[in-house]
Amino acid sequence: MLYRPEAFEPLTDEGWNEGRVREAIRTIVAETDDALRGPRLLWRAHAWDRWQATSPMKNLYVGAAGVVWALDRLRARGHADTRVDLAEIAARTLDLFRRRPDFQKVMRPPDPAESALLTGETGILVVAWRLAPSDELADAVLARVRANVGNESDDVMWGTPGTLLAAQAMVEMTGEDRWRQAWNESAEALLARREPDGSWAQRRYGRQFTGLGPPHGLVGNVQALRPLLEGARSASLERDAAAVLARTAFVEDGLANWPHSERPTLPSPDGQIRLQWCAGGPGVVIGAADYLDEELFLAGAELPWRAGPPTLEKGPSICHGTAGNGYAFLKAFARTGDELWLDRARRFAVHALEQVERLRAENGCGRHSLWTGDVGTAIYAADCIDGRADYPIFDSWN
């Protein structure tokens, strides 16, 4: 069995209507604006997002920095205009994080935790710099990148691969040589820590595992290295990664899924079989779309369509929900040019937006976060309108 059918629900019968999708995006932005303009400092995070942490959340993953990034991107791409001063909110978010970091109280994060891209200060700094560039912010980003060279977690969420994505963004936005030097320093350190088969060991929270997916494993590390690595080394990196993914794939009847980490069985230690961006086949397909064997790639892209959208337990999000799985279809459209995949992506977008409405009605409010909430779903819906396959941050900051 490649997935648990009970974890998924029937796809909506409603078809794609660009006008209604655009209106749904504008509604999400308007509700998010209201949360940002409220009397509280930001907002009280969703219970899952703030588990064992300090609310309000400020980080890129589930906090205000990710929301600000998404609102800025939706505005720049002409999908919805925000009513708030995003630069001011970004500056306030950075100040709040420095006074009360978001880290969970029950687990010791990888050191230095503040340098983490998704859960530390680095992501917040890059967002703040993009909205209001200054030498002070740029110097702070550079210090965080350089401090993270030896981080033992070796994943995008906490470790060197994440700060590689930050350095790459600064290379592209400034053209300054210091960012390329910082990127090179981190890249060489990360490459030196590869296992003989081309994978990496992740070390965090007192345990070690060999991850495969984008936030905590091989695929995300390769995404961080490929854009600026010179040709021959990049090609070798892709070949090694493709070989690992071919060896670890579980294939049945022309469909494919991958475990969260390299192991002889597909279920995780908790018994779940995951099929989502952060763990499982969709994340592998999305992150390795350019180099994964085509037959395996298409088998992995087909599985989330056969399974259908995740239930409300996972929800509409780009991390572990409907929109995240939908990016596999956008990647398949980009690779094959077959509009069947774009149609599938758009059907998932309609369903994800319906899930946003259902959860809003159930909870009395929206969920304000990039990876786990409504604005990430809005970004996905906008990508379906534009026929764009870039997964947020991992593929592009724009």
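Predicted model: local features only at pLDDT ≥ 70, side-chain atom pairs only at ≥ 80, totals over all residues.
**Stop 1: the cavities**

Rolling a probe the size of a water molecule over the atoms shows where empty space is left. In this structure, two cavities have a volume of 30 Å³ or more.

The space inside the largest cavity is about 70 Å³. Colour its lining by residue type: five residues are nonpolar, three are polar and three are charged.

**Stop 2: the second largest cavity**

Clear the selection and pick Trp-69, Arg-73, Arg-77, Ile-379, Asp-383, Arg-388, Asp-390, Tyr-391, Pro-392, Ser-396 and Asn-398, which line the second largest cavity. Its volume is about 50 Å³. Which helices each supply at least two residues of this lining? Show α2 (64-76) and α14 (374-386) to see them. By type, the lining has five charged residues, four nonpolar and two polar.

**Stop 3: a helix pair**

Two packed helices are described by the angle between their axes and the distance between the axes. Select residues 177-192 for helix α7 and residues 218-225 for helix α8. The angle between α7 and α8 is about 145 degrees, and their axes lie 11 Å apart. The crossing of α7 and α8 is left-handed.

Now show side chains at the contact. From α7, take Trp-183, Ala-187, Leu-190 and Leu-191; in α8 they meet Asn-221, Ala-224 and Leu-225. Of the residues in this contact, six are nonpolar, one is polar and none is charged.

Conventions. Residues numbered from 1 in each chain as written. Heavy atoms only, no water. 1 Å grid on protein atoms, 1.4 Å probe; cavity = no way out; pocket = protein on both sides within 12 Å on 5 of 7 lines; lining within 4 Å. Points joined across faces, edges and corners; volume = space filled by probe spheres on them. Nonpolar A, V, L, I, M, F, W, Y, C, P; charged D, E, K, R; others polar. Helix = DSSP H or I, 4+ residues; strand = E, 2+ residues; numbered from the N terminus. Axes fitted to C-alpha atoms, helices over the stretch in contact; angles between N-to-C directions. Left-handed = near helix turned anticlockwise from the far one by under 90°. Contact = heavy atoms within 4.5 Å.
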